Amino acid sequence: MLALKDPNILHIITQNTDIDWHRQRLTGAVIISITAIVVLFVRLFYLQVMQGDEFRRLSKTNRIRLQNIEPSRGIIFDRKGVVLVDNRPSFNLYIILKDAEPVNQTLKKLSDYTGISITVLQAAIKKNKTAVPYKKVLLKKYIGRNLLAVIEAHRYDLPGIIIDVNTRRHYFDNQSAAHLIGYLGEINPNDLKREKYKNYKSGDQIGKFGIEKAADAYLRGNLGRERVEVDAIGHRIRVLNTQDATTGNNVYLTIDIDLQRKAESLLDNKAGSIVALEPDSGRVLVLVSTPTFDQNAFIGGVSHKYWRELLSNPNRPMQNKAIQGLYPPASTYKLVTAMAGLQEGVINRHSTYFCPGYLNYGGRPFRCWKKGGHGTLNVVQAIEQSCDVFFYHVGLRLGVDRIAKYAKAGGLGARTGIDLDHESSGLIPTAAWKKKKMGDKWRRGETLSIAIGQGYNQTTPLQMAVYMAAVANGGTYYKPAIIYEIKTTGGDMVKPFKKKVAGHLPVSAKNLAIVSQGLWDVVNGSRGTARAYKIEGIEMVGKTGTAQVFSRKKDSEYSDDLPDHLKAHAWFVAYAPAENPKIAMAVMVEHGEHGSSAAAPIASELIKTYLTERESMKF
Amino acid sequence: MIDRRLIKHFDWVLLTLVLILGAFGLITIYSAVMAGVLQQKTIFWKQLIWCGVGLVVVTIVFSFHYRMIDRLAYWIYGICNALLIGVLIFGKTIGGSQRWLILGPVSLQPSELAKIAIIIVLAHWYSKSTNPLGLSLSELVVPAILLLIPFVLIVIQPDLGTAMVIALIAASITLYKKIEKKTLIFIIVCFTGAIPIVWSALKPYQKQRILTFIDPERDSLGAGYHIIQSKIAIGSGMITGKGYLQGTQNALSFLPEQHTDFIFSVLAEERGLAGSSLLLVFLLILMIWGLNIAHSCRNLFGVILAVGVTAMIFWQVVINIGMVMGLMPVVGVPLPFISYGGSSMLTNMIGIGLLMNISMRRFMMK
């Protein structure tokens with residue numbers, strides 16, 4: 001054994017006074033321990049002996065059940081308070097296994113009365129069963145009133161069978177804004193295991209798409225509970241106490257449903273997308289993606305037939321093209337190149353280039369869309385007439401990274417962070433990006449197609465609309481918002497709207513004015529590519545774009561005899577009025593061929609509607 | 001190295017007590033998980049493994065002299081606090097609080113080990129000096145800091161039950177060391193004054209629990225419902241119980257967490273007053289035996305260590321059983337040796353190892 005050298009480490013108790021001191025303290029501790037255990041014993045005696053009979057009786061007749069009360073889901077409105085989604089009563093069929101003994105016999109009877117096959121019922125039990133035998137198990141959702149009457153009539157013959165009145169979602173205005181509003185579905189078992197969904201249980205409806213998903217936490221409400229006394233066959237005799245469910249909050253969207261409907265009708269069954277927003281706040285007025293789908297078909301589970309139909313449609317109805325569709329911005333991107341060129345000092349208001357219809361670079365000709373060339377033009381004219389050659393020159397002098405800086409500052413090539421899931425980021429290429437992605441350095445020749453919005457460039461319609469809004473308001477990039485505000489059913493504010501600045505275009509007011517002049521000329525100038533869609537009395541400002549789906553053939557300009565799926569996508573970005581703009585938008589028509597002929601008239605019509613009927617529509 | 005006298009002085013009483021309690025726990029857990037719809041036999045097997053691991057831990061803890069523990073006190077305390085910080089950063093959140101560290105296949109609750117750490121560090125500190133008249137206020141500053149560090153780390157997890165047990169252990173050890181009368185009065189006055197401040201800092205669910213304790217009908221759908229059902233379970237056991245695996249409250253899932261915090265209700269329902277008071281008697285014998293070990297020890301560190309371990313068992317028993325019988329608010333404190341749970345079993349077995357360690361060396365230090 002080690003010798004004890006350090007007296008500080010061990011204090012040996014040797015003196016009798018010390019021993020007595022400790023004995024006294026320890027005796028106290030023993031008395032406290034005995035006292036505590038005696039108190040516990042007395043309580044035990046009181047519960048088990050003095051009140052034992054009463055508790056034994058209570059346990060025998062323990063028919064007190066704790067049951068959940070489902071909350072009613074919040075309602076979704078548009079910005080003016082028009083109801084887009086609400087709830088309708090529905091009847092769901094449940095079984096309480098413990099009360100339905102013998103279960104198979106009860107199921108047999110239920111099957112006989114209702115005609116629902118017994119295997120379907122058994123499968124439902126197997127799927128929805130929990131470990132607790134007195135919890136109700138869902139047999140069938142949304143039974144009709146006829147079935148309800150049959151079951152109610154045989155109530156006493158069907159122990160443990162319960163019908164609960166619940167609510168189901170009802171989508172007004174079938175198929176309008178379907179992508180935006182979304183739909184509900186049953187929570188899947190994998191989600192149930194996640195911490196985020198710990199308050200959910202098997203069989204719960206949960207937002208699966210659109211705002212129903214994005215605002216699920218607000219719309220859902222809180223479960224209520226009640227303590228009920230049931231009789232021997234599980235039917236409730238009385239409710240002992242209740243803690244009411246809290247109805248979900250109401251969500252007001254920023255969209256205007258009338259304008260949304262108008263926009264949808266303007267796309268006229270073509271595949272495409274329209275996004276319009278308020279330039280000074282980022283609030284989205286219209287978010288259209290076509291073709292669309294029937295939300296009501298998703299209630300209670302979508303049928304296989306309809307689901308297959310949706311998935312096999314070549315125009316991808318389940319994709320929200322406004323936030324997920326990726327397209328080269330094409331000539332609409334020229335406003336970015338022009339802005340970069342002016343601000344970086346590569347060109348000024350008066351610099352000109354000569355367009356002979358092509359530019360020879362690296363031993364091959366890069367063509368302008370106008371075969372005969374535009375002649376000599378400055379930046380304003382180049383935007384107005386959408387001259388490719390002019391922007392080839394500007395692009396070459398800028399280099400890819402300097403163009404990218406101006407695109408990214410306004411939200412292109414990155415998710416805008418709108419409150420909807422599955423937003424695509426798109427792509428604005430840089431030299432560093434290419435090095436990382438392809439292990440290859442950037443070639444100057446590639447900058448030519450980038451400068452006119454082709455090549456690797458990919459944007460969503462939402463990004464283009466947001467960019468246009470920034471141009472319209474003098475350079476502020478607002479995060480686009482789809483939720484106007486969230487209120488309780490009582491009208492108390494839960495989440496007010498707050499505009500969020502996400503960035504600024506790094507451009508001077510003077511240079512932005514030059515770009516805007518070019519955009520004004522596109523519609524209002526004598527040679528503008530969209531001059532045919534000038535609106536009487538309203539100064540619309542915009543830019544056309546035509547995004548090739550495949551490489552343009554050498555000797556054809558634009559051929560009209562291409563099959564539809566190879567035709568170019570048509571873009572038009574716009575804002576109006578020129579002074580103090582109230583609306584900015586992007587229109588994309590898939591395979592519409594020309595931005596000028598397919599997309600511009602839609603924008604023109606929508607802007608006219610919005611600005612002339614604003615008063616009567618009570619915006 | 002093992003001294004023959006060690007084997008001669010092996011504490012058979014302590015070992016027997018622990019085996020009896022462990023058996024009580026295993027039998028009751030089996031019923032809790034197998035009588036009803038839960039049907040999770042793995043929980044029973046896991047607990048059996050934990051008992052085995054626990055006995056190994058006891059052996060390890062008693063095999064070296066507790067003087068080593070005295071020397072390493074600050075290291076043990078420091079590592080434990082590091083684990084508590086680790087759990088806040090890397091821990092896994094279960095049921096709203098971050099308590100678990102996942103180390104390979106084993107998940108560990110460092111807050112459980114903090115119970116041992118606080119006993120060791122306070123025993124080390126208090127064994128440095130002796131003053132039969134009691135501690136003055138200035139002598140309480142260091143122990144207060146030693147308590148507060150792990151206490152705060154556990155409160156923010158949040159695990160109010162364990163934090164409370166740690167504070168009570170520290171208070172018990174300190175009271176054993178004796179506090180000067182005027183200091184004691186001062187502290188009591190301070191604590192009374194602090195109640196409103198603490199109240200305002202509690203989370204709503206914690207306030208709810210305390211209010212529910214005062215008036216169970218307040219929340220007869222939540223925690224109050226559990227207490228009412230627990231009381232029905234215990235009371236309906238009457239004198240002889242409903243019989244093994246026959247407890248309806250247990251089998252029909254009226255009891256929440258019946259294999260952990262509410263295990264005593266399962267026992268009381270099935271075994272009645274006879275079985276449950278027998279358990280109380282064994283727990284009392286264990287506490288008195290712990291204090292007896294302290295009494296036979298002639299080393300101040302050993303005495304305080306034994307008192308601390310006994311206090312740990314005492315408070316867990318009183319809080320847990322008090323809770324399920326409706327004498328205390330609903331806090332998550334397991335019943336030592338009976339409730340299911342690896343971390344809790346390990347902590348209590350380390351405690352037993354320490355008692356064994358002191359007991360075996362009782363005649364060697366004179």
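Visitor: What makes β22(A) and strand β23 of chain A a pair?

Guide: In this predicted model, 7 bridges run between β22(A) and strand β23 (residues 583–589) of chain A, in the antiparallel sense. Two strands pair if there are at least two bridges between them, so with 7 bridges β22(A) and β23(A) qualify. Strands of a sheet pair through backbone hydrogen bonds, either parallel or antiparallel.

Visitor: What is the order of the strands in the open sheet of chain A?

Guide: The order is β12-β11-β23-β22-β21, which gives 5 strands with antiparallel pairing.

Visitor: Why are β12 and β21 of chain A called edge strands?

Guide: β12 (284–290) and β21 (541–547) each pair on one side only, and this is what marks them as the edges. From one strand to the next, the twist averages 5°.

Visitor: Which helix lies across these strands, and at what angle to β23(A) does it run?

Guide: Helix α19 (residues 461–472) of chain A lies across β11 (272–277), β12, β21, β22 and β23 of chain A, and it runs at about 150° to β23(A).

Visitor: Why is A:Met585 called buried?

Guide: A:Met585 belongs to strand β23 of chain A. Its relative accessible area is 0%, and the limit for a buried residue is under 20%, so A:Met585 is buried.

Visitor: Which residues does A:Met585 touch?

Guide: Leaving aside residues up to four places away in sequence, A:Met585 touches A:Val275, A:Ala276, A:Ala465, A:Met468, A:Phe572, A:Val573, A:Ala574, A:Ala603, A:Leu606 and A:Ile607. Contact is judged on heavy atoms within 4.5 Å.

Visitor: How many aromatic pairs are there over all chains?

Guide: The count comes to 23 aromatic pairs.

Visitor: Why is the pair of A:Tyr327 and A:Trp571 called edge-to-face?

Guide: The ring centres of A:Tyr327 and A:Trp571 are 6.1 Å apart and the planes stand at 90°. Pairing needs centres within 6.5 Å and edge-to-face needs planes over 60 degrees apart, so A:Tyr327 and A:Trp571 form an edge-to-face pair. A:Tyr327 is in the loop between α12 (321–324) and α13 (334–343) of chain A, whereas A:Trp571 is in strand β22 (residues 569–576) of chain A; the pair links distant parts of the chain, 244 residues apart.

Visitor: Is each residue buried or exposed?

Guide: A:Tyr327 has a relative accessible area of 3% and is buried. A:Trp571 is at 0% relative accessibility and counts as buried.

Visitor: Why is the pair of A:Tyr353 and A:Phe390 called edge-to-face?

Guide: The ring centres of A:Tyr353 and A:Phe390 are 5.3 Å apart and the planes are at 80°, so the pair is edge-to-face. The two residues are 37 apart in sequence: A:Tyr353 lies in strand β13 (residues 352–355) of chain A, and A:Phe390 in helix α15 (residues 388–398) of chain A. With relative accessible areas of 15% for A:Tyr353 and 0% for A:Phe390, both residues are buried.

Visitor: Why is α15(A) described as largely enclosed by the rest of the structure?

Guide: Of the 11 residues of α15(A), 9 are buried, so the helix is largely enclosed. Among them are A:Asp388, A:Phe391, A:Tyr392 and A:Leu398. Just after α15(A), A:Gly399 takes a positive phi of about 85°.

Visitor: What makes A:Arg364 a charge over the ring of A:Phe366?

Guide: The charged end of A:Arg364 sits over the ring of A:Phe366, 4.1 Å from its centre, and the distance limit is 6 Å. A:Arg283 likewise lies over the face of A:Phe497, at 4.6 Å from the ring centre.

Visitor: What do β14(A) and β15(A) form?

Guide: They form a hairpin with 2 residues between the strands, and A:Gly362 in the turn has a positive phi of about 60°. Strand β14 (residues 358–361) and strand β15 (residues 364–367) run antiparallel and are joined by 4 bridges. A:Pro365 in β15(A) stands opposite A:Asn360.

Visitor: Why is B:Thr59 called partly exposed?

Guide: B:Thr59, in helix α3 (residues 41–63) of chain B, has 40% relative accessibility; buried is under 20% and exposed over 50%, so B:Thr59 is partly exposed. B:Thr59 and B:Asn357 are 298 residues apart in sequence, yet 9.0 Å apart in space, C-alpha to C-alpha.

Terms used:
Residues are numbered from 1 along each chain as its sequence is written. Chains are lettered from A and ligands numbered from 1 in the order in which they are written. This is a predicted model: local features need pLDDT of at least 70, side-chain atom pairs count only at pLDDT 80 or more; totals for chains, interfaces and linings use all residues. Side-chain values use heavy atoms; hydrogens and water are left out. Rings of Phe, Tyr and Trp (its six-membered ring) pair if their centres lie within 6.5 Å; planes under 30 degrees apart count as stacked, over 60 as edge-to-face and the rest as tilted. Buried means under 20% relative accessible area, exposed over 50%, partly exposed in between (1.4 Å probe, protein chains only). A charge sits over a ring if NZ of Lys or CZ of Arg is within 6 Å of the ring centre and within 35 degrees of the ring normal. Axes are lines fitted to C-alpha atoms, for helices over the stretch in contact, and angles run from 0 to 180 degrees between N-to-C directions.
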